[in-house]
Amino acid sequence: MAHPLSCSTIISHRAGSSSCYLPRSLKNNAFFRTHLVLPLSPLRSTTPARQIYARLTAPRNNASLELTKRPTTPSILLTHLESKMKQFQSLMAVMLIFIEIASPIPFYGWQVWPISPAEAVLYSPETNIPRTGELALRRAIPANPNMKTIQDSLEDISYLLRIPQRKPFGTMEGNVKKALKIATDEKASILASIPAELRDEGSVLYAKLIEGKGGLQNLLQYIKDKDPDKVSVGLASTLDTVAQLELLQAPGLSFLLPQQYLKYPRLTGRGIVEFTVEKVDGSTFSPEAAGVAKSTAKIQVVLDGYSAPLTAGNFAKLVIDGAYDGMKLTSANQAILSDSELGKATGYSVPLEIKPSGQFEPLYRTTLSVQDGELPVLPLSVYGAVAMAHSDVSEELSSPSQFFFYLYDKRNSGLGGLSFEEGQFSVFGYTTIGRDILPQIKTGDIIRSAKLVEGQDRLVLPPQEN
């Protein structure tokens, strides 16, 4: 299991202070405070939690500050010479190893100069991790196995379309025919998985999937025409229909929550929260095409109760209670964070909740070991992922209210393209509208309002809240 991160890994602002909590030894360390990029380290969190905390919360657009005490010229020269000598030794060692391998005559008695061992080895999992919130959300739906097979076959086409120059249209055609055969042969099973009261709606979506505009038949024709642009548009439409059918097949949780967690609010499906973010310094958000620059902007987040019912439920209740209306935001290096103080409502100290891929239900009070191949259903390594910060009481708990938008950047990730913080936080949703707004948010901007525009009927409150 990965080493747990600090309760302040994301942020823990003190009331009346604009600085983040750090140990005194780190507050006085200029290099720690100003350098944002971590050294190579395993994806498993062996990096000290405070270093991860500083990297995530360091202000953006700030150049590294110059150290107040510069080294003397002899010191610089000595350091330079030592560096060059180490490089020369490493080069000679590599050359000798190559000669040793290539030559039939062994160099007995030769002693290779020592090579400094690597400080860390990054784990590069062979996984098809989703790179958009829409894809991650679609994969998280606990739907009929036949629909999941159809979905997997169609999603493969997305990767085939990325192949430059000559596209493998023959393989794409085979994928669509496979999906079409399953959809046709397993029609009864697909529709039977939908609750009776939703079956009429399901029948309409099924017909759309087979022969409707943007359905499988149309997609097959686009592939035969070898038109990659039409294939891309048609594929997106078909996958959207697949997701709608899958959502009808999953009206609630596919697992039972532990008895001790029934005291928390829970979201038994999907919900949508709409944020209105406002700039208070007189500036504006960049307008969309042919739009007008405004001081406010809309952001929509889809909450996923299928994989994080407690975390999403607590967040949805806070939104309904108006807890985030007027809350200040902080722009950090890799996150947009909400304030840690609540004025209108109180959230629950929900246990850290992460559902691993391939597992039936979430794990509680434990992080994932990405180094050992564990990956969450809702990965953090997606731009616009929404997660809860850690509690300042225990690292096994999420913060009662403080959340953050994660600004994933592959340049600050491991060899597998995974964030160094992957598997450490309770991710409960993704930004689906307004991702372009996130990088424009600056420290001091506020959430003017947050509304649960969909999913309130799926929010189950504990008995004392009813």
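Visitor: By class, which residues make up the lining of the largest cavity?

Guide: The model is predicted. In it, the lining of the largest cavity holds eight nonpolar, four polar and three charged residues.

Visitor: How many cavities of 30 Å³ or more does a search of the whole structure find?

Guide: Start with the general idea. A probe the size of a water molecule is rolled over the atoms, and this shows where empty space is left. Here, the search of the whole structure finds one cavity of 30 Å³ or more. The volume of the largest cavity is about 90 Å³.

Visitor: Which residues are closest to the centre of the largest cavity?

Guide: Look for Ile354, Pro376, Leu378, Phe425 and Val427. They are the closest to the centre among the 15 residues that line the largest cavity. Strands take part too. Both β6 (353–354) and β10 supply at least two residues of the lining.

Visitor: In what order do the strands of the barrel follow each other?

Guide: Trace them one by one. Eight strands close into the barrel, in the order β2-β3-β10-β8-β9-β5-β4-β11. Their pairing is antiparallel. From one strand to the next, the twist averages 35°.

Visitor: Over how many bridges do strand β2 and strand β3 pair?

Guide: Nine bridges. Strand β2 covers residues 270–278, and strand β3 covers residues 296–304. They pair in the antiparallel sense.

Visitor: Which strands does helix α12 touch?

Guide: Find residues 309–320, which form helix α12. The helix packs on the sheet and touches β2, β3, β8 (385–390), β9 (398–406), β10 (426–433) and β11 (446–454). The direction of α12 makes about 115° with that of β11.

Visitor: How many helices and strands does the protein chain have?

Guide: Twelve helices and twelve strands. The protein chain has 466 residues, and 48% of them count as buried. Now take contacts between residues at least 6 apart in sequence. In this chain, 74% of those contacts join residues at least 24 apart.

Visitor: Why does threonine 171 count as partly exposed?

Guide: Read the relative accessibility. Buried means under 20%, and exposed means over 50%. Threonine 171 is at 43%, so this residue counts as partly exposed.

Visitor: Where does threonine 171 lie?

Guide: In helix α7, residues 169–185.

Definitions and conventions
Residues numbered from 1 in each chain as written. Predicted model: local features only at pLDDT ≥ 70, side-chain atom pairs only at ≥ 80, totals over all residues. Heavy atoms only, no water. Pairing = 2+ DSSP bridges. Helix = DSSP H or I, 4+ residues; strand = E, 2+ residues; numbered from the N terminus. Axes fitted to C-alpha atoms, helices over the stretch in contact; angles between N-to-C directions. Contact = heavy atoms within 4.5 Å. 1 Å grid on protein atoms, 1.4 Å probe; cavity = no way out; pocket = protein on both sides within 12 Å on 5 of 7 lines; lining within 4 Å. Points joined across faces, edges and corners; volume = space filled by probe spheres on them. Nonpolar A, V, L, I, M, F, W, Y, C, P; charged D, E, K, R; others polar. Buried < 20%, exposed > 50% of the residue type's maximum accessible area, 1.4 Å probe, protein only.
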